[in-house]
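Please read it alongside the sequence and the coordinates.

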Amino acid sequence: MTFDADELQDGACAATGLDDFGSPYYREGLERIVEALNTEADLNDVGRVIQHATISNALIQRLKIEDTYSRHPEIDDQVVGGPVFVIGLPRTGTTALSQLVAADPQFRSLRMWESQAPTPPPETATQHSDPRIAQAQAGLKMLDDMFPLMKTLYNSEPTAPTECQDLMGMSFRTFHFDGAVRAPGYLAWLMNCDMRGTYVFHRRVLKLLQWRCPPVLWHLKTPVHMFALDALVESYPDAKFMWSHRDPAKVMGSVCSLIRYVRSWSSDREDAEELGAEQVDSWAEGTRRAMDFRNRMGRDRMGHARFADVSFADLQNDPVHTLQTSYETLGLRFTAATLESVRRWADNHRPGSRGSHDYDLADYGLTPEGVRERFADYLAAYDATA
């Protein structure tokens, strides 16, 4: 079975009875990932099913979002607050930091169940009983049954905050695809494509989600924002960032191990050393871009600090104080309610509670010294020794 962009779109239209995908910006990314799936990914039978479902859902959600806007154009009047983004290399504590921020009641976070299916727009009265929560839980159970190692590699719950890569995937410009399948051609294009339309649509989804379900001060997370911060800030001029830091030599083996496992669901191909080189190249460039952006745009329009640095060791040892310090740096309110909520979350989520994750840099043709050399400027600039 090969993939065809027109057939995928026709299938989404047939499934929904809709035909308006909004801005045609998404189409180039769709064609690029389809080409990669057909020529580079070496998909097995399970992989074809997974990737077909992933792309189809992204197209279906675009159709439903545009339909909701057509019936309720007033949604576009919504003002998105912030947001505060958690960024940093993968496996540096970004998930824990994100969930800690999400425990603060002043923030609106993107939850897994609504990330996968933003429509109909969630409502305050039913946000904790929405049937999509049970659907997401069933999907997670099926994933755990099929791929049990995932539970030790990545913490995911239907009502917990999730990365906003699903929203970027609706524009077909996200590293989520490269994380799931081997797609070097798509990755090379993605590294240098125009991301502005991706964040325009990203903001469009947030407006829809907050319309009937505030608050409107958002917190979001994904490491891949580091590749395109200029485009992000064009859509979100008041964005602030919590940047988590950890020794890249302790990170890259874990990154490669996670991607190797996820890719194994969709392909029987083994290319560990190629994967190692790809990930070091990509994240060294992403870090370079983020540092360059920070050097140029480290303060917001009011002259306030746009970035707060979070050491992985500090986050592990004293998460509540570490978060409070970050809030102070960014000029955010750390209230009594914030303290109570984040302390409760930290007490219930101790480091290492989900089991251990074993990996070896050498499996990917990498050495600690070689990785640190590629990230030398980053290591010289930030506390990333933990």
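**Cysteines**

- Cys256 counts as buried, because its relative accessibility is 0%, and the cut-off for buried is under 20% relative accessible area.
- The model is a predicted one, and Cys164 is likewise buried in it, with a relative accessible area of 0%.
- The cysteine sulfur closest to that of Cys164 belongs to Cys193 and lies 16 Å away, which is too far for a bond, since a disulfide needs the two sulfur atoms within 2.5 Å.
- The number of disulfides in the structure is zero.

**Helix α13**

- Helix α13 spans residues 248–266, 19 residues in total.
- From the first C-alpha to the last, α13 reaches 27 Å, close to the 27 Å expected at 1.5 Å a residue.
- Of the 19 residues in α13, 16 are buried, so the helix is largely enclosed by the rest of the structure.
- The N-terminal end of α13 is capped by Asp247, which has a side-chain oxygen 2.9 Å from the backbone nitrogen of Ala249.

**Second largest pocket**

- The second largest pocket holds about 460 Å³ of space.
- Its lining is made up of 21 residues, and those nearest the centre of the pocket are Ala102, Arg111, Thr159, Ala160 and Pro161.
- Sorted by class, the lining of the second largest pocket comprises eleven nonpolar, six polar and four charged residues.

Definitions and conventions. Residues numbered from 1 in each chain as written. Predicted model: local features only at pLDDT ≥ 70, side-chain atom pairs only at ≥ 80, totals over all residues. Heavy atoms only, no water. Helix = DSSP H or I, 4+ residues; strand = E, 2+ residues; numbered from the N terminus. Expected span 1.5 Å × (residues − 1). Buried < 20%, exposed > 50% of the residue type's maximum accessible area, 1.4 Å probe, protein only. Polar contact = N/O pair within 3.5 Å; in protein donor to acceptor, adjacent residues only side chain to side chain. 1 Å grid on protein atoms, 1.4 Å probe; cavity = no way out; pocket = protein on both sides within 12 Å on 5 of 7 lines; lining within 4 Å. Points joined across faces, edges and corners; volume = space filled by probe spheres on them. Nonpolar A, V, L, I, M, F, W, Y, C, P; charged D, E, K, R; others polar.
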